[in-house]
Amino acid sequence: MSSLRINKTLLPLAAAAILLLVGQPVALADPAPARVAGHNQDGGTLVYLHEQEPPCLWGGWVQQAYLSRQVFDYLVSFDHGKIRPWLATDWTESADRKTITFHLRKDVKFTDGDKFNAAAVVANYSAWTKGIGWHGFTYMTGLTKVDDYTVELHLSEPNPEIYNVLANGHYGFQSPDSIAHNSSEQKCLKPVGTGPWKVEKWVRGEGISFVRNDDYHWAPPNARHNGPAYIKHLEWKFVPDATTRWGALVSGGADVIYQPPSAQWHALQRDYQTLSYVATGRPQAFSFNVQRGPFTDRRVRQAFAYALDRQQIVKTVFKGAVPYEGNGSLSKSTPLYLNVDNRYSLNVAKANALLDQAGWTGRDAEGYRVKDGESLVARLPFIQAIIDQEGALMLQAVQDQVKQVGIKLVLIPLTQTEGFAGAKSRPADKEISFGYWVWPSPNILDIVYNATLAGAFNGNNTSFFNNPQVESQILDAQREPDPALRRQKFDVLQKWFDDQAIAIGGYNFTYNVAIANNVRGIWQDSGNGLLNSNDAYFVQEKP
């Protein structure tokens, strides 16, 4: 594969134009004020229906971050482009940007009575590294205690988005006593944090019962109030079927639901309160196996892209509830995102010409293209629980469209257990992958295109891309201290990956939430779109 060059003649961009905003602007359902006379702001149970059930309450998957946000607190909070203090009151950076000194609050405690202090922060570092498999891509190398309420965070590389990362839902704090003495199962199902909610019990296959932390009084400044949750109990139910979740909201069996059916989204926007957040990181994208098989030829990858009307497929399947995304490397809410939507629009004639040029000129009995006696077959395994029913419909539409140019797309559904165990994840197992990656930084390119992780095979690199020269340019862009030049370098990288068709976009992973009209105060944070129920309360609906 060819390398790429930075055009140093481009005019610098104004620093103000590249403010690192994480996530799309969030519309709040109704910010909860201080106590309002006549409103029920003390007690009750909020019933929330989610889609996927993760294996643990905390870890590296965004579905775990949803849950972690209820139980844990974080050093900082991301608030519509601004980093705000949370458990850290303030911080400073070293001249080389590789050491950050955080000063901590002195009034925070864990729900088991343990103190939150520098020792607690340092104790959590090993939990972070073991519980989050992609930890190396944060560039964190360790934490050291300076005094009882001061810690230093050490980085191997400068990381301008390190504060976004620390706020994104994965880097919460567990009680040092629980880390040291609780079993792995206890830490998985009932971790001990400082957050607004405590886990009462987790019934596998059903849901998690949370009870409020009555001692809580250290919410971040972008919360709607500081103190214990207004509601006493939070019932977090796992309901995989979107229609069932929607029906529960309409019938009054649920107060808040995640990812309602796209067909109902416009009606819900009209009749209920709704929230929507485009996830940072990488969109739902098609990644081609560039290590072996037919997609090692760029012409075949580009032919696949030109055979598709991706915009129309997304419009038809998601009915406006989820936006199309052409960029296969970064989602539109990720800092330094580049819009490349017009690069591969539907052009069947061009797709056919590219396949002819690549030598796929024969046809088998089913009409699929043949070269050297082999049919043009692309296997695409996908985890059904993550892609969900609507994502599967999109894949079926893609299968139909590429058939018209002679590409046989074989869809291989996997269970969540199979997928998490690594089934069909090696270069010999597939020709295409389809998936998203939530991450609040353009160094998502490092995560999804680096051939190794800590010296071993990087399972996040589903295209099996391996180009040390390009990898060095990704790191060079990440290190760049000048904001305008950093944007320029990431622009060039995104254009190159798109031109090479290493991956092409499908749609932006979007968190859609619908809320009953008698609930107030539910909001999504602007760092990762995570739902905040600490400010929620019930009101009496108008007759």
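How much area is buried between domain 1 and domain 3? Hello everyone, let me walk you to that answer. This is a predicted model, where local features need pLDDT of at least 70, side-chain atom pairs count only at pLDDT 80 or more, and totals for chains, interfaces and linings use all residues. Residues are numbered from 1 along each chain as its sequence is written, and side-chain values use heavy atoms, with hydrogens and water left out.

Let's start with the domains. The protein chain is split into domain 1 (41-71 + 195-278 + 511-542), domain 2 (78-182) and domain 3 (281-508); those bounds come from an automatic or database domain assignment. Taken over C-alpha atoms, the centres of domain 1 and domain 3 are 32 Å apart. Even so, 20 residues of domain 1 are in contact with 20 residues of domain 3, where contact means heavy atoms within 4.5 Å. Now for the opening question: about 1,400 Å² is buried between domain 1 and domain 3, and carbon and sulfur atoms give 51% of that. Buried area here is the accessible area (1.4 Å probe) that two parts lose on being put together, summed over both. On the domain 1 side, Trp61, Ser262 and Val278 lose the most area to domain 3, together 40% of what that side buries.

Next, the disulfide, meaning a pair of cysteine sulfur atoms within 2.5 Å. The structure holds one. Its partners are Cys56 and Cys188, with sulfur atoms 2.0 Å apart. Which parts of the chain does this pair tie together? Cys56 sits in the loop between strand 1 (45-50) and helix 1 (62-71), while Cys188 belongs to helix 5 (residues 184-189), so the pair links parts that are 132 residues apart in sequence. A word on those names: helices (H or I, at least four residues) and strands (E, at least two) are DSSP runs, numbered from the N terminus. The torsion about the S-S bond is about -110°, so the disulfide of Cys56 and Cys188 is left-handed.

Are the two cysteines buried or exposed? For the cut-offs, buried means under 20% relative accessible area, exposed over 50%, and partly exposed in between (1.4 Å probe, protein chains only). Cys56 counts as partly exposed, at 21% relative accessibility, whereas Cys188 is buried, at 6%.

On to helix 2 (residues 118-131). This helix has 14 residues and reaches 20 Å from its first C-alpha to its last, close to the 20 Å expected at 1.5 Å a residue; the expected span is 1.5 Å times one less than the number of residues. At its start, a side-chain oxygen of Asn117 comes to within 3.2 Å of the backbone nitrogen of Ala119. The buried residues of helix 2 include Ala118, Val121, Tyr125 and Trp128. What do the buried residues of helix 2 pack against? Their partners are strand 5 (99-104), strand 6 (140-147), strand 7 (150-155), helix 3 (162-166) and helix 4 (176-181).

Lys98 is partly exposed, with a relative accessible area of 30%. Its C-alpha atom and that of Pro158 are 5.4 Å apart, although 60 residues separate them along the chain. Leaving aside neighbours within four places in sequence, Lys98 is in contact with Leu153, His154, Leu155, Ser156, Glu157 and Pro158.

Now some residues further along the chain. Phe434 is in strand 19 (residues 432-437) and is buried, at 8% relative accessible area. Not counting residues up to four places away in sequence, Phe434 touches several others, among them Phe286, Leu380, Met394 and Tyr507. Gln494 lies in helix 15 (residues 483-500) and is also buried, at 1% relative accessibility. With the sequence neighbours up to four places away not counted, Gln494 touches Asn327, Leu330, Leu336, Tyr337 and Leu338.

Lys424 has a positive phi of about 55° although it is not a glycine, and Lys424 counts as partly exposed at 37% relative accessibility. Phe464 has a positive phi too, of about 60°, and is not a glycine either. Phe464 is in the loop between strand 21 and helix 14 (468-479), and counts as buried at 6% relative accessibility. As for Ala454, its place is the loop between strand 20 (452-453) and strand 21 (456-457), and Ala454 is exposed, with a relative accessible area of 83%.

Key. A polar contact is a pair of N or O atoms within 3.5 Å; within protein, one must be able to donate a hydrogen and the other to accept it, and residues adjacent in sequence count only if both atoms are side-chain atoms.
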